[in-house]
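The following paragraphs lead the reader through a single protein chain. They should be read alongside the sequence and the coordinates shown here.

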Amino acid sequence: LPAAVWNIPPPPMHGLGNVPSSVGASSSWLSWALNSRYFKYIYENHQGHHVLGGQCNYNVCCPGTDHLLGTYVPVSQWAAKMRAVPAEGAVERWGAAREPFGVPQAPIAGASSTRTPALAMKQQE
């Protein structure tokens, strides 16, 4: 179960599909839960891990571990630090990210919007 949970947030976040059983613990049987509060928390935790350069929010599948170890950084502290990402189709990439509803959204590079990640997050709640 932990391996399947591990395979839920990172692949969709990076524009990849479900992990097939031919290469690891299959994630397709849990993909229905992508919009649950649990997976939203895990997804945001993983986002924070990347936004802050891999220096915090290490645990992808066991909520609370980062709290116990003092490595948890809440969304409110990292959302405004999200870098702009290329618009879909602007560069070759694996695919569009799939995320739970309401997670912080990175600004789009070159977009004329004044939307900030923190503002986008509040608008979706």
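In this predicted model, the buried residues of helix α3 are F39, I42, Y43, E44, N45, H46, Q47, G48 and H49. The geometry of α3 agrees with expectation, because its 15 residues, at 1.5 Å a residue, should span 21 Å, and its end C-alpha atoms are 21 Å apart. Just after this helix, G53 adopts a positive phi of about 70°.

Setting aside residues up to four places away in sequence, Q47 touches M13, W78, M82, V103 and P104. With P104 there is also a polar approach: a polar atom of the Q47 side chain lies 3.0 Å from the backbone oxygen of P104.

The C-alpha atoms of N45 and P74 are separated by 7.9 Å, although the two residues are 29 positions apart along the chain. P74 is situated in the loop between α4 and α5 (75-78). How accessible is P74? Its relative accessibility is 24%, which lies between the limits of 20% and 50%, so P74 counts as partly exposed.

The loop between α3 (37-51) and α4 (65-69) contains N57. Most residues other than glycine have a negative phi. N57, by contrast, has a positive phi, near 45°. Is this residue buried or exposed? N57 has a relative accessible area of 1%, under the 20% limit, and is therefore buried.

The largest nonpolar core consists of ten residues, namely A4, V5, I8, L30, A33, L34, F39, I42, V60 and C61. Helices α1 (2-6) and α3 each supply at least two residues of this core. Another core, of seven residues, lies apart from it and includes V73, V75, W78 and A79. W78 is also one of the residues touched by Q47. Within the largest core, A4 is in contact with A25, S26, S27, W29 and L30, leaving aside its neighbours within four places in sequence.

At the level of the whole chain, there are six helices and zero strands, and the order along the sequence is α-α-α-α-α-α. Of the 125 residues, 37% count as buried. Among contacts with a separation of 6 or more, 52% come from residues 24 or more positions apart. The accessible surface of the chain is about 7,500 Å², and 58% of it belongs to carbon and sulfur atoms.

Confidence remains to be considered. The average pLDDT of the chain is 76, and 75% of the residues score at least 70. Where is confidence lowest, and where is it highest? The lowest mean, 43, is found in helix α6 (residues 117-124), and the highest, 94, in α5. Over residues 113-125 pLDDT stays under 50, and the model has 17 contacts beyond four places in sequence for this stretch.

Methods
Residues numbered from 1 in each chain as written. Predicted model: local features only at pLDDT ≥ 70, side-chain atom pairs only at ≥ 80, totals over all residues. Heavy atoms only, no water. Helix = DSSP H or I, 4+ residues; strand = E, 2+ residues; numbered from the N terminus. Buried < 20%, exposed > 50% of the residue type's maximum accessible area, 1.4 Å probe, protein only. Expected span 1.5 Å × (residues − 1). Core = buried A, V, L, I, M, F, W, Y, C linked by side-chain atoms within 4.5 Å. Contact = heavy atoms within 4.5 Å. Areas by Shrake-Rupley, 256 points an atom, 1.4 Å probe, with all protein chains shown as cover. pLDDT = per-residue confidence, 0-100. Polar contact = N/O pair within 3.5 Å; in protein donor to acceptor, adjacent residues only side chain to side chain.
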